[in-house]
Amino acid sequence: MSQYRKGYIFEKKSNSYIQEILETFKNLKFYSIESRGSKGTADIVFGIYDIKKKNRTWFGVQCKRGYISGPEKKREIEKASKISGMKLFFSSPKKEKKTEILIEPDLKDWIQKWLKG
C-alpha cells in the first residue's frame with residue numbers, strides 16, 4: 001500500500017473520530033472539509049455552530065501518522081494562528097494502541113471552553 005493511500009485512510013479515520021467527538025455536544029452543528037494531498041496548514045477543517053448562542057467558529061486538524069515533537073507541534077499551532085487565525089489540532093495514532101487516535105491539544109476541552117464562551 002502506498003504512503004499516500006495510508007495517509008488518506010488515516011485522514012478519513014481521523015475525520016470520523018472527530019465527528020464522533022462533535023456529535024457528543026448536542027448544541028453543535030458541524031461540517032468538515034478534507035483537503036487531500038495538500039501541503040497546507042490543515043488536512044481537515046471543521047466549521048462548528050453553537051445552536052443556543054448562535055455562535056460559530058472553525059478549527060483545523062493536521063493528521064500525522066508518524067512522530068512529531070512537542071516543540072514542532074507548538075510552532076505549527078502558533079504559525080496557523082498567526083497566518084490564518086486557525087486553531088490547529090494534531091491527530092496521530094496513540095503510542096499505546098496504534099489503532100486509536102490521539103487529538104492534541106485536547107479537542108473536547110477546547111470545545112467545552114468555547115461553548116461556555
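Leaving aside its neighbours within four places in sequence, Asp43 is in contact with Glu11, Ile33, Glu34, Ser35, Val61, Gln62 and Cys63, where contact means heavy atoms within 4.5 Å. The model is a predicted one, in which local features need pLDDT of at least 70 and side-chain atom pairs count only at pLDDT 80 or more, while totals for chains, interfaces and linings use all residues. Residues are numbered from 1 along each chain as its sequence is written, and side-chain values use heavy atoms, with hydrogens and water left out.

Asp43 sits in the loop between strand 1 and strand 2 (44-50). Helices (H or I, at least four residues) and strands (E, at least two) are DSSP runs, numbered from the N terminus. With a relative accessible area of 6%, Asp43 is buried; buried means under 20% relative accessible area, exposed over 50%, and partly exposed in between, with a 1.4 Å probe and protein chains only. A polar atom of the Asp43 side chain lies 2.7 Å from the backbone nitrogen of Cys63. Asp43 and Ser91 are 48 residues apart along the chain, and their C-alpha atoms are separated by 9.9 Å.

Five of them form an open sheet in the order 1-2-3-4-5, with mixed pairing; two strands pair if DSSP finds at least two bridges between them. Strand 1 (28-34) and strand 5 (101-104) stand at the edges, each with a single partner strand, so one side of each has no neighbour in the sheet. From one strand to the next the twist averages 25 degrees. Strands of a sheet pair through backbone hydrogen bonds, either parallel or antiparallel.

Both kinds of pairing meet at strand 4. Strand 3 and strand 4 run parallel and are joined by five bridges, and Phe59 stands opposite Lys87 in strand 4. On strand 5, the partner is antiparallel: four bridges join it to strand 4 (residues 87-93). Here Ser91 stands opposite Ile103, and Ser92 has Leu102 as its bridge partner. Six of the seven residues of strand 4 are buried, so this strand is largely enclosed by the rest of the structure.

Ser92 lies in strand 4 and is buried, with a relative accessible area of 12%. Apart from neighbours within four places in sequence, Ser92 is in contact with Phe10, Lys64, Glu100, Ile101 and Leu102. In a regular strand the side chains alternate between the two faces of the sheet.

Now the helices. Helix 1 (residues 3-23) has 21 residues and reaches 30 Å from its first C-alpha to its last, close to the 30 Å expected at 1.5 Å a residue; the expected span is 1.5 Å times one less than the number of residues. Its buried residues are Phe10, Glu11, Ser14, Asn15, Ile18, Ile21 and Leu22. Seen down the axis of helix 1, they fall within an arc of 145 degrees, so they line one face of the helix; the arc is that of the directions from the helix axis to the C-beta atoms. The elements covering them include strand 1, strand 2, strand 3, strand 4, strand 5 and helix 3 (107-116).

Helix 2 (residues 70-84) lies across strand 3 (55-63), strand 4 and strand 5, and runs at about 145 degrees to strand 4. For such angles, axes are lines fitted to C-alpha atoms, for helices over the stretch in contact, and angles run from 0 to 180 degrees between N-to-C directions.

In helix 3, Leu107, Trp110, Ile111, Trp114 and Leu115 are buried. They fall within an arc of 135 degrees seen down the axis of helix 3, so they too line one face. Helix 1 and strands 1, 2, 3, 4 and 5 are among what covers them. The face turned away from the buried side carries the exposed residues Lys113 and Lys116. At the start of helix 3, a side-chain oxygen of Asp106 reaches to within 3.0 Å of the backbone nitrogen of Lys108. Just after helix 3, Gly117 takes a positive phi of about 65 degrees.

Key
A polar contact is a pair of N or O atoms within 3.5 Å; within protein, one must be able to donate a hydrogen and the other to accept it, and residues adjacent in sequence count only if both atoms are side-chain atoms.
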